[in-house]
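User: I would like to learn how to read the main features of a two-chain model. Please take me through them one at a time.

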Amino acid sequence: MSRAGDQERLEVHIKHKSYRKASGGELQVLGALSIAVASGEIAALVGPSGCGKTTLLRIIAGLDSDFEGTVRLPAHGRLGVVFQEPRLLPWRTVEENVRLAAPQASDAVLDGLFDTLGLSGHRRHYPGELSLGLARRTALARAFAVEPELLVLDEPFVSLDAELATRLRAELAELVARRPVTTLLVSHDVDEVIGLADRVFLLTGNPARVAADVPIQNPRSARTADEVAAIRNELSRKAIAVPV
Amino acid sequence: MNLALRLASIALLLAVWFTCSQFAGPRLLPSPQAVGLAIVAEARSGALAFNLGVTLARVAVSFSIAMALGTVFGLAMGRIRLADRIGDPWLVLLLNLPALVIIVLAYIWAGLTETAALAAVVLNKLPLATVTVREGARALDRNLDEMAAVFRMSRWKRLRHVVLPQLSPYLAAASRSGLSLVWKIVLIVELLGRPNGVGFEIGVAFQLFDVTRILAYALAFVAVMLAVETFLVQPFERHVSRWRPRTA
């Protein structure tokens, strides 16, 4: 099934992934699962907490090579990752943190990113001086500044208040609209991803498998409240239909 | 207020010293004034500056080598289990060998040379620096490591911006304790087998029972080390910790 644009696709085929338990024996975290994300598509991985989403992301990001299966990253595999915690260098300023990860980023690109994310006034601040929301934005700026071919976001809005999370989601949508990038977004919350994703993978836990692969046809900007509600219903029906 | 307290404390020390010298007599414990005059006399002849300079150079060279090697070994042992397994017995051996044994053996095996003297000091300081840095390397944040890996930072960049800043409190601790240890060992090395330096002068003064000169050299060198601490170590520490939010 060779098509133009395959080069840009993210393809993941996992056969098996398990951890050795401290008490001996093995704990299987991921079962056989495959996901494919087309170029420029935002795919969401949704599943209950502790179902292996983060493990899957770590495998895709190349941080865990102890698994059976294959991962094919888009193009050159340049990654932008937003971890669950901001993971900034506390001894470098906001701007230095971004520049260290993305040395090739031009001043104009950085200005634009800082502007969109409301960080312009914080460029010289150290991470210890930032709120969690601002630190998250810095992590987002860093991931976009590398102009990634695959953007990976691990629950980037968790433990923010609802209003701030909504605003950050809007900023993320704006950034992706400006520079389309293949994106994998992890969340345990269907509502969180429904306005953003082009495709939703529902995962079940213990070990994780793909329960449903739901493409969303309508482009993000054209989705009405009714449609969003319909998608939500469909997703929750599928989630229930699958034994967890 | 702080300064006033410090000065008062120093004044008290001088007063105690002066009182004791009145009881003990100038042969056993010369007065602060006599020691001060001796320092001036040694300074005039140029001997003080020369000997202080020689000792300071030995301190600087051996300290730098010990810190550099200690950082490399400590990082390797903290990060790589195999290196830790192999290096640990050596470390235990060096940590528990008395300084004097290392110095005497170095002089016997390599002759009364500058290299032997410096090597002996380095070998005394090295295990302590290694142990301290190893602790730091074990405490490195894996999350930041992964971040650096994901964004494909070069080795040099990781070392400079991710690893060294995390090690800086450990390096500062190793430098602090190291500097005072190194200069004390340098004096012994000079006493036993060098023809110049503060340690050598103190050795000569000991044979002549010249307490004034012993105190003059010791105090002059303490002053030099105090200056190093105040004008080099502390500003450096302030620089590396500038990112920490200040507690009001």
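**Domains, sheet and interface**

Analyst: Start with the contact between domains: 12 residues of domain 1 of chain A are in contact with 11 residues of domain 2 of chain A. This is a predicted model, and that holds for everything below.

User: Where do the two domains of chain A run, and how far apart are their C-alpha centres?

Analyst: Domain 1 of chain A covers 6-78 + 148-241, and domain 2 covers 88-147. Their C-alpha centres are 24 Å apart.

User: Which element gives the largest share of the side of domain 1 that touches domain 2 in chain A?

Analyst: Helix α5 (residues 162-178) of chain A does, with six residues. By class, that side of domain 1 has eight nonpolar, one polar and three charged residues.

User: Is A:Arg137 buried or exposed?

Analyst: Burial is judged by counting, and a residue is buried if 20 or more other C-beta atoms lie within 10 Å of its own. A:Arg137 has 28 C-beta neighbours inside 10 Å, so A:Arg137 counts as buried. A:Arg137 belongs to helix α4 (residues 132-145) of chain A. Setting aside neighbours within four places in sequence, A:Arg137 is in contact with A:Leu117, A:Gly118, A:Leu119 and A:Leu168. As a distance in the chain, A:Arg137 and A:Ser65 are separated by 72 residues in sequence and by 29 Å in space, C-alpha to C-alpha.

User: How do I read a sheet, and what is the strand order in the six-stranded one of chain A?

Analyst: Read the order across the sheet, then the pairing. In chain A the open sheet of six strands runs β6-β7-β8-β4-β9-β10, with mixed pairing. The edges are β6 (79-82) and β10 (209-215) of chain A; each has a single partner strand, so one side of each is left without a neighbour in the sheet. On average, neighbouring strands of this sheet are turned by 15 degrees against each other, direction ignored.

User: Which strands are joined to β8(A), and by how many bridges?

Analyst: Strand β4 (residues 42-46) of chain A is parallel to β8(A) and joined to it by five bridges. A:Val46 has A:Ser187 as its bridge partner in β8(A). β7(A) is also parallel to β8(A), again with five bridges, and A:Val152 has A:Leu184 as its bridge partner in β8(A). The chain goes from β7(A) through α5(A) to β8(A), a β-α-β crossover that is right-handed.

User: How many residues of β8(A) are buried, and which way do they point?

Analyst: Six of the six residues of strand β8 (residues 182-187) of chain A are buried. A:Thr182, A:Leu184 and A:Val186 point one way from the strand, while A:Thr183, A:Leu185 and A:Ser187 point the other way.

User: What is the secondary structure of chain B?

Analyst: Chain B has 10 helices and zero strands. Its C-alpha atoms fill a box of roughly 70 × 55 × 30 Å along the principal axes. Of its 248 residues, 32% are buried. Among contacts in chain B between residues at least 6 apart in sequence, 71% join residues at least 24 apart.

User: How many residues of each chain are in contact across the interface, and which helices of chain B supply them?

Analyst: 15 residues of chain B are in contact with 17 residues of chain A. On the chain B side, α7 (142-150) and α8 (155-193) each supply at least two residues. The largest share, six residues, comes from α7(B). The residues of that side divide into 10 nonpolar, two polar and three charged.

How values were computed: Residues are numbered from 1 along each chain as its sequence is written. Chains are lettered from A and ligands numbered from 1 in the order in which they are written. This is a predicted model: local features need pLDDT of at least 70, side-chain atom pairs count only at pLDDT 80 or more; totals for chains, interfaces and linings use all residues. Two residues are in contact if their C-beta atoms, placed from the backbone, lie within 7 Å. Helices (H or I, at least four residues) and strands (E, at least two) are DSSP runs, numbered from the N terminus. Ala, Val, Leu, Ile, Met, Phe, Trp, Tyr, Cys and Pro count as nonpolar, Asp, Glu, Lys and Arg as charged, and the others, Gly among them, as polar. Two strands pair if DSSP finds at least two bridges between them. Axes are lines fitted to C-alpha atoms, for helices over the stretch in contact, and angles run from 0 to 180 degrees between N-to-C directions. Domain bounds come from an automatic or database domain assignment. A residue is buried if 20 or more other C-beta atoms lie within 10 Å of its own, exposed if 12 or fewer, and partly exposed in between; C-beta atoms are placed from the backbone. A crossover is right-handed if, with the strands pointing away from the viewer, the path from the first strand over the helix to the second runs clockwise.
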